[in-house]
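User: I am new to reading protein models. Please take me through this one, a step at a time.

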Amino acid sequence: MLVRKHFLSTPLMEFMQSPDSPAKVLLAVSGISKNFAGRKVLDNITLRVDEGKIITLIGPNGAGKTTLVRIALRLAAADSGAVQHRSGLRIGYMPQKMHVEPTLPVTVVRFLQLAENFSATQLDATLSQLNILQLKNHQLSAISGGEMQRVLLARALLRQPELLILDEPAQGVDLAGQAELYQLISKISKRDNCGVLMISHDLHLVMSATDEVVCLNHHVCCHGKPEQVSNDPAYLDLFGPNTARALAVYTHDHNHEHDLTGNIKTAHHE
Ligand SMILES: Nc1ncnc2c1ncn2[C@@H]1O[C@H](COP(=O)(O)OP(=O)(O)OP(=O)(O)O)[C@@H](O)[C@H]1O
Ligand SMILES: [Mg+2]
């Protein structure tokens, strides 16, 4: 069932206790508010990520998505509210942007080993999984934007995370690469029972693998299963009918096909 923004007032402890098993909850944020220079960027946000679940955060530029994940990671402080991590939680984080000093002579493999000395086997396996093994000895400053995204994802995965937090992982990646990247994230989540909190503007690409979409514009406008959110008036208000129509291509019930304008092309009677 689609739940509107009022789900946000649930107290944290209650929220942490997932109805089926509290042990499955990896991350819970509750009642998070944040102001910058007197401007409210986040207003009473609550969300939870359980083991093996993919939560996708969508919203327009400046909506507060990155601020929210930085607070969830405890990299930034909230003005009010609480953040709770499961004890000993291993998190792999892929930031939206990372400044790499262009004059710094560091290869991809050295960069990945800065935080921890991973084994060659582990490094090669992760790089192969992301189709960037050939970049291993390239200078970090010389790789392309899309390649850098894969390197940053490799960096997050090497920690063998229980929770992956990905801030626009597919930015700068070409179209075929985007679909591939999202499929890989979904495969990893299933294989390792890893929770994923992901910010994305590509709802049409992520929706089939997303368990819950949270639509954020300073407050949570709506949340629920992707197909429910894409029909929600709050979502339509935020993204406009054109985006919603394009998305409808992906949400139909598979007994007919649409073109991108929403016109039905063929109907299959089963
Ligand atoms: N450290 C800061 N100091 C002042 N204002 C900030 C700071 N960090 C973020 N903001 C402001 O808070 C708002 C939300 O920023 P945030 O980066 O969270 O948005 P976002 O939803 O991630 O946007 P985008 O889709 O463009 O990445 C923006 O207006 C931004 O300018
Ligand atoms: Mg952002």
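User: Which residue sits in the turn of the hairpin formed by β9 and β10?

Analyst: This is a predicted model: local features need pLDDT of at least 70, side-chain atom pairs count only at pLDDT 80 or more, and totals for chains, interfaces and linings use all residues. Residues are numbered from 1 along each chain as its sequence is written, chains are lettered from A and ligands numbered from 1 in the order in which they are written. Strands (E, at least two residues) and helices (H or I, at least four) are DSSP runs, numbered from the N terminus. The hairpin has 1 residue between its strands, with a positive phi of about 70 degrees: His218.

User: In which sense do β9 and β10 pair?

Analyst: Strands pair if DSSP finds at least two bridges between them. Val213 stands opposite Gly224 in β10. β9 (residues 212–217) and β10 are joined over 5 bridges, and the sense is antiparallel.

User: How many residues of β10 are buried?

Analyst: Count the other C-beta atoms, placed from the backbone, within 10 Å of a residue's own: 20 or more is buried, 12 or fewer exposed, anything in between partly exposed. Strand β10 (residues 219–224) is largely enclosed by the rest of the structure, because its buried residues number 5 of the 6.

User: How wide an arc do the buried residues of α6 cover?

Analyst: The buried residues are Gln178, Leu181, Tyr182, Ile185 and Ser189. The arc is taken from the directions from the helix axis to the C-beta atoms. These residues lie on the same side of α6, because their arc is only 95 degrees.

User: Which residues are exposed on the other side of α6?

Analyst: An α-helix has 3.6 residues a turn, so residues three or four places apart point the same way. The buried residues of α6 are covered by elements including β4 (54–58), β8 (195–199) and α7 (203–206). On the other side, the exposed residues are Ala176, Lys187, Lys190 and Arg191.

User: Is Asn193 buried, exposed or partly exposed?

Analyst: Asn193 is in the loop between α6 and β8. Its phi is positive, near 55 degrees. Asn193 has 13 C-beta neighbours inside 10 Å, so it counts as partly exposed.

User: Which residues is Asn193 in contact with, leaving aside its neighbours within four places in sequence?

Analyst: Contact means that two C-beta atoms, placed from the backbone, lie within 7 Å. With those neighbours left aside, the contacts of Asn193 are Glu51 and Gly52.
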